[in-house]
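Take a look at the model below.

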Amino acid sequence: MLETQPYYFRITVKLLLLIVITSILIFAKDLLVPLTIALFFTFLLLPVSQKLEQWRFPKPLAIVVSLLLAIAIFGCLLYFFYYQVLSFADDWPTLQQKVNDKLDTIFRFVRENFNISKREQKDWINMKIKEQANSGPDIVMNIFSATGTFLASLALIPIYIFFLTYYREKFKQFIVLVFKGENPEQALNVLKKVSMVSQKYLKGIFFDIIILSILSSIGFLLLGIKHAILFAVIAAILNIIPYIGVLIGSILPIIMALITKDEIGYAIGVAGVCVFVQFLDNNFITPYVVGSSVSINPLAATIGLVASALIWGIPGMVLCIPLTGMIKVVCDNVEGLQPYGFLLGEEVDYTQRKNLSDRIMKQFKGVAKPD
């Protein structure tokens with residue numbers, strides 16, 4: 001058994017296992033990313049299909065109806081966003097003229113303060129544009145390739161959801177067979193908790209996006225920012241990505257304020273709206289809507305964000321918090337992994353911390369001692 005081996009041997013085995021798992025995640029990214037997304041939506045849609053089955057719908061039909069309902073909701077949201085983008089595109093010539101006016105102001109400022117003529121500034125900008133243009137075909141090909149891969153993966157997600165839901169009892173039986181000699185009831189209980197966490201998180205994020213979109217839209221409209229609803233929705237959606245998404249979502253409306261308004265006070269006002277809405281989200285909205293289902297401490301969230309970005313790119317950044325939350329649920333409910341769940345979670349009160357520490361020390365007594 002591994003527990004009887006020297007301490008350094010156990011650490012080496014765990015590190016090698018981590019390397020193997022990371023390699024699999026990287027090389028199987030095209031398979032695992034859509035499958036993971038499908039798994040989350042399977043947990044989310046499972047109560048709907050189960051309710052339809054209780055209403056005497058055949059299982060395949062119940063799953064298809066729940067999928068069509070989800071696609072219809074997603075389609076309506078996508079159409080709304082598309083309509084806002086079209087409105088933005090109609091104003092693009094006007095915005096382009098305003099950008100040129102702002103650039104002329106910057107050129108004049110540089111000429112008066114740094115003695116660099118407008119022609120020299122434009123020549124430098126054109127040179128940089130030509131340097132980037134040389135890699136343009138490669139960028140375009142990469143974009144088309146990434147878009148094609150994304151669309152192919154997107155088409156597979158409903159198929160994955162259908163079969164994951166259809167064979168859910170088979171997966172339960174598989175878990176029972178795997179843990180037959182140990183404790184299959186505990187394994188099924190952990191799976192149920194993971195499902196509940198995923199459902200609560202996804203529903204909470206959906207309502208969080210709606211609330212943030214409304215609050216930011218009100219703030220931007222009061223300031224008279226053009227396309228306020230579009231930028232509010234973008235900022236709310238980007239809020240899914242921890243830390244980075246909030247920053248990008250705040251920068252876009254600030255840039256719009258700088259372009260369309262003559263006074264810098266509007267940009268400051270937009271920044272104030274973003275800070276205020278984020279304050280409300282962090283302290284009131286997210287704790288109430290999402291709850292403590294994914295209670296990951298900031299250090300674990302940051303490390304998970306960076307690691308997931310390196311492994312799965314942008315999809316990894318979006319999925320890192322719910323995945324980390326699922327890992328924490330598993331760790332909290334598996335006796336040998338409880339110390340890792342404690343490390344990932346938020347700070348608990350003194351009594352809980354003391355009781356957990358006592359259990360960990362009893363369980364792992366002697367592990368930290370050198371062999």
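What pLDDT does the protein chain average? This is a predicted model, and the average over the protein chain is 81. A score of at least 70 is reached by 84% of the residues. Now turn to residues 366–371. Over this stretch the pLDDT is below 50. Beyond near neighbours in sequence, the stretch has six contacts in the model.

Next, helix packing. Two packed helices are described by the angle between their axes and the distance between the axes. Find helix α2, which covers residues 29–54. Helix α2 packs with α8 at an angle of about 90°. Their axes are 8 Å apart. Angles of 65 to 115 degrees count as roughly perpendicular, so α2 is roughly perpendicular to α8. Which residues make the contact? From α2 come Phe-40, Phe-41, Phe-43, Leu-44 and Pro-47. From α8 come Val-194, Ser-195, Ser-198, Gln-199, Leu-202 and Lys-203. Sorted by type, the residues of this contact are seven nonpolar, three polar and one charged.

Now for empty space. Rolling a probe the size of a water molecule over the atoms shows where empty space is left. How many cavities of 30 Å³ or more does the count give? The count comes to one. The largest cavity holds about 140 Å³ of space. It is lined by 13 residues, and the closest to its centre are Ser-216, Ala-235, Ser-250, Cys-274 and Gln-278.

Which helices supply this lining? Helices α8 (184–222), α9 (228–238), α10 (244–260) and α11 (264–289) each supply at least two residues. Helix α10 gives the most, with four residues. By type, the lining has seven nonpolar residues, six polar and no charged.

How values were computed:
Residues are numbered from 1 along each chain as its sequence is written. This is a predicted model: local features need pLDDT of at least 70, side-chain atom pairs count only at pLDDT 80 or more; totals for chains, interfaces and linings use all residues. Side-chain values use heavy atoms; hydrogens and water are left out. On a 1 Å grid over the protein atoms alone, a cavity is a set of points where a 1.4 Å probe fits but cannot get out, and a pocket is an open set with protein on both sides within 12 Å along at least five of seven lines; lining residues have an atom within 4 Å of a point. Grid points are joined across faces, edges and corners, and a volume is the space filled by probe spheres set on the points. Ala, Val, Leu, Ile, Met, Phe, Trp, Tyr, Cys and Pro count as nonpolar, Asp, Glu, Lys and Arg as charged, and the others, Gly among them, as polar. Axes are lines fitted to C-alpha atoms, for helices over the stretch in contact, and angles run from 0 to 180 degrees between N-to-C directions. Angles under 35 degrees count as roughly parallel, over 145 as roughly antiparallel, 65 to 115 as roughly perpendicular and the rest as oblique. Contact means heavy atoms within 4.5 Å. pLDDT is the predictor's confidence in each residue, from 0 to 100.
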